[in-house]
Amino acid sequence: MAELGSKGVTAGKIASNVQKKLTRAQEKVLQKLGKADETKDEQFEQCVQNFNKQLSEGTRLQKDLRTYLASVKAMHEASKKLTECLQEVYEPDWPGRDDTNKIAENNDLLWTDFHQKLVDQALLTMDTYLGQFPDIKSRIAKRGRKLVDYDSARHHFEALQTAKKKDDTKIAKAEEELVKAQKVFEEMNVDLQEELPSLWNSRVGFYVNTFQSIAGLEENFHKEMSKLNQNLHDVLLGLDKQYSGNAFPVKAQPRKKTKLFARLRKKMSSDSTAVKANKSPSPPPDGSAITSPDAKTVNHEVEPSTLEAPGASIPKSPSQSSLPAVVVETFPATVNGTVEGGASSERADMPPGFLFKVQAMHDYTATDSDELQLKAGDVVLVIPFENPEEQDEGWLMGVKESDWIQHKELEQCRGVFPENFTERVQ
């Protein structure tokens, strides 16, 4: 019997709720059609707007704070791996090994503490702050339903009062329902009218406390981390002093292209062979006589030592032979991809095409005949390559200033050198 009674109560409650939903739906339709007036409270509506804005801002802040914490955790992991790498490469016989291990341990603890305090003092506080919104949001929605019930009961009561055929029993019952609906609505309305403005004003203090906590935690974290970094700097400085004689040597970039002067020597050798071939006694195709065997060449021009035989002709110099002429084109010099210098930068006391000066910061031992031998402090006058295609990346062409002042000769003094062994001074 008890079970039947319980089921009966439940069924009755469900039916009642269904009827309430139908009545509310009808009331809202009438209000939208303008056939029924709606109770308005502009002050409360403003409070609801503020509430929704506050909830939206708080939700965004919570999301961004979680992202920030995830970034801190990622930085912790990256820092941990970096210090682990330092511990692995730090050899046992180096001074300060125990200090570096202690610094790495403190570094890990500092990151862990920073992350945990951010969780406790910022994220958990943020979660608590937002935790009150769902309940209030639910109560706001319920208040809206109760307001519709109140309006519906009011309209029903007014309709019975103005009916042509009045039923006192129905009027009394409708009045009773109206009073009950009004009481329920007003109780909820009063509570929310007090809570919503208070909640809205609380946002200022919450934001202040949250961001002050984050700023304070960051400040302390960076102060402690700065001390650890200074300690690590001092340890590595001591290591550097003890092993300063084993400094990592500066190396030049490898040269990938054919050596410039080697190619020129090869070309000159080829030209020389061609000249000898032209001295062959075989007559030229046009039937002209050959040059006297005693003819001498001076600067590639033939000087006959005897009178020319009838019909004889002087052989062509290598520059006039059928060998392809070497055409030297002038290109704007490029240094690291930048066009510099030009005719306007040439000066009477500088080599042709002078671009700028550099000073050797390290000694450089030439490994090929077309390279300059440098000592730290040497000043080099940089000049352009005759053919930019012959320039290797990281290499410059130049002549040492001392050689230029003494000889004023490019062909014998110029050479290539690695740019990273020098720095520009002019």
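The model is predicted, so local features need pLDDT of at least 70 and side-chain atom pairs count only at pLDDT 80 or more, while totals for chains, interfaces and linings use all residues. Residues are numbered from 1 along each chain as its sequence is written, and side-chain values use heavy atoms, with hydrogens and water left out. The protein has 7 helices and 9 strands (DSSP runs numbered from the N terminus: H or I of at least four residues for helices, E of at least two for strands).

**Overall picture**

- Of the 426 residues in the protein, 30% are buried (buried is under 20% relative accessible area, exposed is over 50%, and partly exposed is in between, with a 1.4 Å probe and protein chains only).
- The accessible surface comes to about 28300 Å², and carbon and sulfur atoms hold 54% of that (areas are from the Shrake-Rupley method with a 1.4 Å probe; for residues, only the protein chains shown count as cover).
- Take the contacts between residues at least 6 apart in sequence: 68% of them join residues at least 24 apart (a contact means heavy atoms within 4.5 Å).

**The five-stranded sheet**

- Five strands make an open sheet in the order E8-E7-E6-E5-E9, and the pairing is antiparallel (two strands pair if DSSP finds at least two bridges between them).
- The edges belong to E8 (415–418) and E9 (422–424); each has a single partner strand, so one side of each has no neighbour in the sheet.
- From one strand to the next, the twist averages 50° (axes are lines fitted to C-alpha atoms, for helices over the stretch in contact, and angles run from 0 to 180 degrees between N-to-C directions).
- E5 (residues 356–360) and E6 (residues 379–383) run antiparallel and are joined by 4 bridges.
- Across that pairing, phenylalanine 356 has valine 382 in E6 as its bridge partner, and lysine 357 sits opposite leucine 381 in E6.
- E6 is also joined by 4 bridges to E7 (residues 395–400), again antiparallel; here valine 380 has lysine 400 in E7 as its bridge partner.
- E6 is mostly covered, with 4 of its 5 residues buried.

**Salt bridges**

- There are 13 salt bridges in the structure (a side-chain nitrogen of Lys or Arg within 4 Å of a carboxyl oxygen of Asp or Glu).
- In general, side chains of opposite charge can pair when their charged atoms come close.
- Aspartate 64 bridges to arginine 60, with the closest N and O atoms 3.6 Å apart.
- Those two sit 4 residues apart in helix H2 (residues 42–89), which puts about one helical turn between aspartate 64 and arginine 60.
- Aspartate 64 is partly exposed at 40% relative accessibility, and arginine 60 is exposed at 61%.
- Helix H4 (residues 133–161) holds both arginine 139 and aspartate 135, 4 residues apart or about one turn; their salt bridge has its closest N and O atoms 3.7 Å apart.
- Aspartate 135 is partly exposed, with a relative accessible area of 45%.
- Arginine 154 and glutamate 158 form a salt bridge too, with the closest N and O atoms 3.7 Å apart, and being 4 residues apart in helix H4 they are separated by about one helical turn.
- Arginine 154 is buried at 14% relative accessibility, whereas glutamate 158 is partly exposed at 36%.
- Shared partners tie Asp135, Arg139 and Glu195 into one salt-bridge network.

**Aromatic pairs**

- A search of the whole structure turns up 11 aromatic pairs (rings of Phe, Tyr and Trp, the last by its six-membered ring, with centres within 6.5 Å; planes under 30 degrees apart are stacked, over 60 edge-to-face, and the rest tilted).
- One of the pairs is tyrosine 129 with phenylalanine 133: the ring centres are 5.5 Å apart and the planes stand at 70°, so the pair is edge-to-face.
- Tyrosine 129 is buried at 6% relative accessible area, and phenylalanine 133 is buried at 1%.
- Tyrosine 150 and phenylalanine 185 have ring centres 6.1 Å apart and planes at 10°, so this pair is stacked.
- Tyrosine 150 and phenylalanine 185 are both buried.
- Phe51, Tyr129, Phe133, Phe206 and Tyr207 come together as one aromatic cluster.
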